[in-house]
Number of protein chains: 2
Amino acid sequence: MSTTPLKGNAVIGQSGGPTAVINQSLVGVVEGLNASANFDGQIFGARHAVDGMMSGDFIDLTGWDQARLDRLAGTPSSGLGSSRHKPKQDDVRAMTRYFEEHGIRYFFYIGGNDSSDTCRIVSEVAQEDGYEMHSFHVPKTVDNDLVLNDHTPGWGSAAKFVAQAFMGDDLDNQALPGVKINVVMGRHAGFLTAASVLGRRPGSNDGPHLVYVPEADFDADKFVADVAKVYDRIGRCVVAVSEGIHDKDGTPMAAKLAEMQGHRVERDAHGNVQLSGSGALADFLAQAVKDYMGRRTRVRADTYGYLQRSFSGVVSDNDAAEARAAGRKAAELATQGVRSGSIAIQRVPGDNYRIEYNRIELSDVAAKTRHLPDEWIVNGNDISDKFVEYATPIVGDLPVVERIDGW
Amino acid sequence: MSTTPLKGNAVIGQSGGPTAVINQSLVGVVEGLNASANFDGQIFGARHAVDGMMSGDFIDLTGWDQARLDRLAGTPSSGLGSSRHKPKQDDVRAMTRYFEEHGIRYFFYIGGNDSSDTCRIVSEVAQEDGYEMHSFHVPKTVDNDLVLNDHTPGWGSAAKFVAQAFMGDDLDNQALPGVKINVVMGRHAGFLTAASVLGRRPGSNDGPHLVYVPEADFDADKFVADVAKVYDRIGRCVVAVSEGIHDKDGTPMAAKLAEMQGHRVERDAHGNVQLSGSGALADFLAQAVKDYMGRRTRVRADTYGYLQRSFSGVVSDNDAAEARAAGRKAAELATQGVRSGSIAIQRVPGDNYRIEYNRIELSDVAAKTRHLPDEWIVNGNDISDKFVEYATPIVGDLPVVERIDGW
């Protein structure tokens with residue numbers, strides 16, 4: 001697997017949805033390259049990921065000083081710009097021409113499972129065409145859905161945002177009681193929505209009182225009955241809902257409800273329904289609760305939307321450090337002569353939280369989706385303490401709150 | 001005006017929409033009472049503001065230790081619970097009976113302009129009925145719309161949240177370009193929406209590129225043309241919109257659009273249309289842009305909703321300190337024998353930011369609304385640097401971001 005490292009330059013791309021720490025990984029790769037005795041080339045950033053690679057739109061990142069790198073690392077979203085395009089073989093050949101032109105022998109791609117698949121395709125096509133290159137995928141996704149990883153950079157910070165949002169929102173709902181529904185990102189995996197419970201005191205009446213994730217089929221009739229039951233018991237109800245909830249046939253509720261209301265449904269190139277950037281699902285669920293419980297119940301709904309992934313100023317320290325280290329590890333392995341791979345964040349079994357950055361094959365992670373384990377989902381409408389044990393060291397400390405007794 | 005301070009107990013209420021620092025004011029009042037040589041009574045918190053006062057639902061806050069008070073002060077939302085009820089004369093008489101029963105001679109009410117009016121009514125009815133009492137209003141509102149105040153506790157922290165949200169969202173939009181519309185709280189005053197510009201570098205292409213506040217009439221045709229113009233120039237557009245925007249006849253766009261789409265419109269006891277807790281306005285505006293610009297433009301909309309006022313973990317230090325000091329000042333004046341008043345936060349003219357806490361008459365602030373000055377609104381779709389000068393010391397430092405050149 002390991003060979004003599006190639007001489008040449010490097011290109012880095014950031015793909016898919018931005019996160020609060022994806023620039024940490026970018027800077028990690030740059031630092032890893034700068035620190036390697038085997039690498040003395042230039043470092044290019046591709047503007048808008050594969051789009052920049054297919055058009056030769058590169059930014060020179062060589063020689064940035066540490067203070068500037070640190071500031072960039074602490075900046076949310078993808079500093080190089082992102083793309084949702086997935087290149088086909090011909091696109092990769094267009095990219096390879098620019099790689100040759102720029103003497104690029106190191107390819108780093110930071111992204112989720114689609115991006116690891118892109119990295120695999122680039123690596124395979126280059127190999128078929130006899131263009132020698134080191135190709136590495138650095139993990140990133142707020143969905144936390146990469147297989148073979150304990151967790152994924154970006155999720156910890158988004159989870160911290162969601163946990164803090166629910167802490168505040170639950171206190172708000174306690175002050176002005178009613179039903180409050182919050183829709184959280186997550187098309188196929190419920191990890192981010194599950195993070196809504198992290199600020200909840202065990203055994204208390206703290207919200208969220210109900211949590212719905214895409215791993216459990218959603219039934220609108222059961223949903224409104226669940227809400228009414230909590231409301232009848234404690235006089236209020238805070239609900240966390242994944243944007244990706246779907247009925248038992250697998251139809252996303254967002255699409256079903258939008259079509260029921262006569263709206264056009266926007267779909268991407270993969271046929272996926274647009275979920276984020278609209279409040280329609282939250283508003284429909286609120287209306288369903290109002291219809292069931294009667295018009296006098298105070299029902300409100302928020303959609304956390306893009307705030308979750310790119311909010312400036314709410315970051316898990318641990319997530320930031322791991323995102324940086326994963327980037328650095330990719331650069332280390334590549335400059336040691338390893339031809340390709342994906343960096344997996346894996347937890348070392350034991351009482352104390354400790355992780356390792358291990359190389360896995362690109363094909364092992366590419367285009368696969370990890371789900372919330374069944375045993376972490378309680379009755380289809382709550383999240384178990386096992387998830388809290390899992391997530392707490394990743395997300396880190398949450399703000400301390402003091403509640404006046406007797407609620 | 002100043003007389004011998006009355007002997008007796010105190011009651012504190014928190015009214016209206018919660019904020020991130022309203023518990024600072026609660027703790028400030030408690031600390032001010034504890035520190036006064038003239039006060040040796042019990043301190044009661046009224047659960048859900050006037051609701052608790054009308055039913056004798058009090059919580060004893062006497063003797064809390066400083067560590068617990070500090071934790072409560074740092075907790076967002078209204079720890080005592082809140083209410084949107086505005087008592088009538090008979091309600092005040094119901095309250096006075098409980099005040100007598102509990103030996104209450106000090107009444108503190110933390111809230112916005114409706115709450116200052118409640119405080120005025122309580123004070124006047126008690127006086128008419130010969131029930132001697134000190135009645136003080138402590139300012140609070142994320143809307144920043146109290147007259148005779150330079151600014152209002154709660155706004156600074158909400159403004160910091162909005163500023164940080166737009167910083168992150170603008171970086172997100174730069175990474176994945178398109179049109180992004182964010183709806184911000186503010187029924188009549190645009191101060192919170194204006195805060196969207198605080199993280200924008202002067203003379204740059206940073207967003208928000210367009211800002212719409214309730215102080216300027218909203219024209220949907222001009223709006224979509226404005227958006228298209230920015231998009232044509234820089235390939236993307238981030239927009240901040242107040243929830244309270246209205247057409248030239250004063251009809252809220254939220255109501256107009258909802259009714260156009262055949263939805264029922266929820267109104268409160270004052271006839272106000274429900275604005276928060278729904279994504280409908282944002283979704284309508286996004287649809288209008290799509291219709292105008294063509295379906296291939298990426299258009300997304302988020303509604304910041306309740307996150308803005310009660311988010312746990314994003315607080316302006318200055319706002320927190322001022323909220324606390326305003327509460328303390330009210331307790332000081334009351335225990336010095338001043339019968340009634342509202343604490344106004346007023347800026348001392350000069351180069352350095354310095355404020356004073358001055359007593360004003362309840363009737364001078366009650367039920368009045370302050371607006372964004374006309375000269376801070378540019379072309380009906382942007383906010384001037386004068387606002388930035390005004391707001392920066394209140395909101396405090398924002399996260400440092402580093403952008404890769406050439407955007």
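**Notes on backbone geometry, helix packing and the chain contact**

1. Pro208(B) sits in the loop that runs between α7 (191–194) and β7 (210–212) of chain B. The model is a predicted one, and the peptide bond leading from Gly207(B) into Pro208(B) is cis, with omega near 5 degrees. Most residues other than glycine have a negative phi, and most peptide bonds are trans.

2. In chain A, a cis peptide bond joins Gly207(A) and Pro208(A), and omega is about 5 degrees. Pro208(A) belongs to the loop between α7 (191–194) and β7 (210–212) of chain A.

3. Two residues call for attention on account of phi. Ser77(A), although not a glycine, has a positive phi of about 70 degrees. Its position is in the loop between α3 and α4 (89–101) of chain A. Ser77(A) counts as buried because it has 31 C-beta neighbours inside 10 Å, the threshold for that class being 20 or more.

4. Ala367(B) is likewise not a glycine, and its phi is positive at about 60 degrees. This residue is placed in the loop between α13 (362–365) and β12 (377–378) of chain B. With 15 other C-beta atoms within 10 Å, Ala367(B) is partly exposed.

5. Helix α1 of chain A covers residues 22–35, 14 residues in total. From first C-alpha to last it reaches 20 Å, close to the 20 Å expected at 1.5 Å a residue. Is this helix mostly covered or mostly uncovered? It is mostly covered, since twelve of the 14 residues of α1(A) are buried. Among them are Ile22(A), Leu26(A), Val30(A), Glu31(A) and Leu33(A). The elements covering the buried residues of α1(A) include the strands β1 (9–14), β2 (43–46), β4 (104–111) and β5 (134–139), together with the helices α3 (66–73) and α12 (317–335), of chain A.

6. On the α1(A) side the contact includes Gln24(A), Gly28(A), Glu31(A) and Gly32(A), while on the α12(A) side it includes Ala323(A), Arg324(A), Gly327(A) and Ala331(A). By class, the residues of this contact are ten nonpolar, six polar and four charged.

7. In chain B, helix α4 (residues 89–101) and helix α5 (residues 113–128) pack with their axes 10 Å apart, at an angle of about 70 degrees. The two helices, α4(B) and α5(B), are therefore roughly perpendicular to each other. Gln89(B), Val92(B), Arg93(B), Met95(B) and Thr96(B) of α4(B) make this contact with Ile121(B), Val122(B), Val125(B) and Ala126(B) of α5(B). The contact of α4(B) with α5(B) has six nonpolar, two polar and one charged residues.

8. Finally, the contact between the chains. Chain A contributes 51 residues and chain B contributes 51 residues. On the side of chain A that touches chain B, the elements giving two or more residues are α3, α6 (155–175), α10 (280–293), β9 (299–303) and α11 (307–310) of chain A. Which of these gives the most? The answer is α6(A), with nine residues. The residues on that side of chain A divide into 21 nonpolar, 21 polar and nine charged.

Definitions and conventions
Residues are numbered from 1 along each chain as its sequence is written. Chains are lettered from A and ligands numbered from 1 in the order in which they are written. This is a predicted model: local features need pLDDT of at least 70, side-chain atom pairs count only at pLDDT 80 or more; totals for chains, interfaces and linings use all residues. Helices (H or I, at least four residues) and strands (E, at least two) are DSSP runs, numbered from the N terminus. The expected span of a helix is 1.5 Å times one less than its number of residues. Two residues are in contact if their C-beta atoms, placed from the backbone, lie within 7 Å. Ala, Val, Leu, Ile, Met, Phe, Trp, Tyr, Cys and Pro count as nonpolar, Asp, Glu, Lys and Arg as charged, and the others, Gly among them, as polar. Axes are lines fitted to C-alpha atoms, for helices over the stretch in contact, and angles run from 0 to 180 degrees between N-to-C directions. Angles under 35 degrees count as roughly parallel, over 145 as roughly antiparallel, 65 to 115 as roughly perpendicular and the rest as oblique.
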